[in-house]
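Subject: The structure you asked about

Hi there,

Here is the structure I promised to pass on. Have a look at it first, and then read on for what turned up.

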Amino acid sequence: MNLYHLRYFVTLAKLEHYTKAAELLAITQPSLSHAISSLEKELGVKLFEKEGRNVVLTKCGQAFLEDVTKSLDILDSSINKLQMTGTGEGRIDIA
C-alpha cells in the first residue's frame, strides 16, 4: 500500500470532490482517480460513491478513514520526533 495513496484518500474524503482534492494535492485529477482505484482494488472494497459532481464515503470508506487518519497521525508524530532529535536516518516500517 502506497503512503501517498492513503494521504490522497484522506484529502478526497475531506473535500468530497476529485478536482478540488487534486488541486490541493498538486496532482492531476486522472492521477488521483487512478490512485483511489488502485487503493480500492488492493483493499477489495469500494471507498467512494458518486453523488452528482461530488463523492461521498461508503460505509467501508468511513471505517477506513478513521483507521487511516489515526495511523497517519501516529506516523507524522513519529517522523516529527525523529526530526527533532536529529535521528531521522533509516526507515519507519508500518505494518
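The buried residues of α4 are Gly-61, Phe-64, Leu-65, Val-68, Leu-72 and Leu-75. Please keep in mind throughout that this is a predicted model.

**The overall layout**

The protein contains 4 helices and 2 strands, and along the sequence they come in the order α-α-α-β-β-α. Of its 95 residues, 29% are buried. If you take the contacts between residues at least 6 apart in sequence, 48% of them join residues at least 24 apart. The exposed surface comes to about 6700 Å², and carbon and sulfur atoms supply 52% of that.

**The last helix**

Back to α4, which runs over residues 59–85. This helix has 27 residues and reaches 40 Å from its first C-alpha to its last, close to the 39 Å expected at 1.5 Å a residue. What do its buried residues pack against? They meet α1 (3–15), α3 (29–43) and β2 (54–57).

After α3 comes Gly-44, which has a positive phi, near 75 degrees.

Glu-40 deserves a moment of your time. Leaving out residues up to four places away in sequence, Glu-40 touches Val-45, Lys-46, Leu-47 and Phe-48. The C-alpha atoms of Glu-40 and Phe-9 are separated by 10.0 Å, with the two residues 31 apart along the chain.

**The hairpin**

Strand β1, residues 48–51, pairs with β2 in the antiparallel sense over 4 bridges. The two strands form a hairpin with 2 residues between them. Gly-52, in the turn, has a positive phi of about 65 degrees.

**The nonpolar core**

The largest nonpolar core has 22 residues, and those touching the most other members are Phe-9, Leu-12, Leu-32, Ile-36, Phe-48, Phe-64 and Val-68. Two or more residues of this core come from each of α1, α2 (18–25), α3, β2 and α4. The largest share, 6 residues, comes from α1.

Apart from its neighbours within four places in sequence, Leu-12 is in contact with His-17, Tyr-18, Ala-21, Ile-36, Phe-48 and Val-55.

His-5 is another residue to look up, this time in helix α1. At 18% relative accessibility, His-5 counts as buried. Setting aside neighbours within four places in sequence, His-5 is in contact with Ala-35, Ser-38 and Leu-39.

As a reminder, most residues other than glycine have a negative phi. Which way does phi go for Glu-16, positive or negative? Phi of Glu-16 is positive, near 55 degrees. Glu-16 is found in the loop between α1 and α2, and with a relative accessible area of 36% it is partly exposed.

Ala-26 also has a positive phi, of about 60 degrees, although it is not a glycine. This residue is in the loop between α2 and α3. At 69% relative accessibility, Ala-26 counts as exposed.

Best wishes

Methods. Residues are numbered from 1 along each chain as its sequence is written. This is a predicted model: local features need pLDDT of at least 70, side-chain atom pairs count only at pLDDT 80 or more; totals for chains, interfaces and linings use all residues. Side-chain values use heavy atoms; hydrogens and water are left out. The expected span of a helix is 1.5 Å times one less than its number of residues. Buried means under 20% relative accessible area, exposed over 50%, partly exposed in between (1.4 Å probe, protein chains only). Contact means heavy atoms within 4.5 Å. Two strands pair if DSSP finds at least two bridges between them. Accessible areas come from the Shrake-Rupley method with a 1.4 Å probe; for residues, only the protein chains shown count as cover. A nonpolar core is a set of buried Ala, Val, Leu, Ile, Met, Phe, Trp, Tyr and Cys residues joined through side-chain atoms within 4.5 Å.
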